[in-house]
Amino acid sequence: MRTIAVLNYKGGVGKTTFTISTSQALAMSGFRVLAIDNDSQHHLSLLLDEDGQRPLSIRDIYRSSVGVAGKKLMDSIVETNLRNFHVIPSHAELSGHDIRDPYILQKAIGYCSLNRFYDFILIDNSPGIDLLQETALHAADEIFVPTELSYFAVNGIIELHRILAKRFRDCCSITKIIANGYRGTNKHDEYLEALKSLYPEKITETYIPYDTVFDTCMKEQKTLFIHKLFSKAAAHYLKLIHELFDLDEKKVWEQVCDVKQSQLRNEARQRIFDQQKKGQAQGGGPEGEENSKLKLHFQRQTESDDNPFFKNSRY
Ligand SMILES: Nc1ncnc2c1ncn2[C@@H]1O[C@H](COP(=O)(O)OP(=O)(O)OP(=O)(O)O)[C@@H](O)[C@H]1O
Ligand SMILES: [Mg+2]
């Protein structure tokens, strides 16, 4: 199991987008992934079904004693609409004051032997380095730093590097830096070059281009690799996954396409089911007839499909 803290001193640089996209791509490639929302803004938690129960959050783990933190952790895990992808949600009032022991998350993960259940844990963090991020850093083996390409962002990385070295010595250092929101301008090329010369071993070859599709996906609660697979953003993310995790690019692509097709079929089924129910509630009529035709059409298409995602689909 690899545990990765997604961190940056600076806000709004794509940490949450990176955590979500990477987790989804890994889960669609067949890995078991847990994403932990360690940010009171709880943007990552918005991926979850709002109707679903969310009894516990990361805050409950932090506020527990070591003895019960493991149980709280297991109880706080929630399924998403993607198979193999689970989330521990955050809480709007989460703060460093909730943390009594900065090693609590590391201990809870070990106590539950999460390595038996997951291949990857990704921890999304709020900007800065406070007690909250420190707790994530102790739990993680690697630190991934998404960054935008600007003067302040590059300075922020230098600062982050310095703070990590000073506060954590050798135990926590940046593993990879990922340039995000690249627009192909001279300025962006300049900052990309600056990062390459400062951290040649750490900056990834693959950058993530600027693409409004991220915002659309978040707003409409869509999955990038299902609903916008043929976008620049998805293509670059799949390349990035291949680079960061040394995966076979062709195999990942095939697996993602398979999951996309199954999931879209299930969404269509669910839509028909919902329309049918609506038609029945309105007493049949033309809408009801139309639904029966549609239903027949999709039934023929999906007859042999025994899809495990249907169970969890929120659509
Ligand atoms: N490559 C990109 N192209 C276009 N928009 C992007 C890209 N990456 C992220 N965004 C958008 O930028 C905004 C900030 O991204 P995100 O929330 O991932 O940043 P963050 O670092 O997690 O922010 P915070 O520090 O507040 O937690 C979001 O609206 C997101 O959709
Ligand atoms: Mg964020």
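This is a predicted model: local features need pLDDT of at least 70, side-chain atom pairs count only at pLDDT 80 or more; totals for chains, interfaces and linings use all residues.
Angles between axes that fall under 35 degrees count as roughly parallel, over 145 as roughly antiparallel, 65 to 115 as roughly perpendicular and the rest as oblique.

Residues are numbered from 1 along each chain as its sequence is written, while chains are lettered from A and ligands numbered from 1 in the order in which they are written.

The chain has 12 helices and eight strands (DSSP runs numbered from the N terminus: H or I of at least four residues for helices, E of at least two for strands).

Here is the pair of helices, whose axes (lines fitted to C-alpha atoms over the stretch in contact, with angles from 0 to 180 degrees between N-to-C directions) come within 10 Å and cross at roughly 75°:

| Helix | Residues |
|---|---|
| H1 | residues 15–28 |
| H10 | residues 232–245 |

H1 and H10 are therefore roughly perpendicular to each other. Ser 21, Thr 22, Ala 25 and Leu 26 of H1 meet Tyr 237, Leu 238 and Ile 241 of H10 (contact means C-beta atoms, placed from the backbone, within 7 Å).

Now for a loop: Thr 80 sits between strand E3 (78–79) and strand E4 (85–88). Is Thr 80 buried or exposed? Thr 80 is buried, because 22 other C-beta atoms lie within 10 Å (20 or more make a residue buried, 12 or fewer exposed, and in between partly exposed, with C-beta atoms placed from the backbone). Leu 47 is 33 residues from Thr 80 in sequence, yet 7.2 Å away in space, C-alpha to C-alpha.

Conventions
Two residues are in contact if their C-beta atoms, placed from the backbone, lie within 7 Å.
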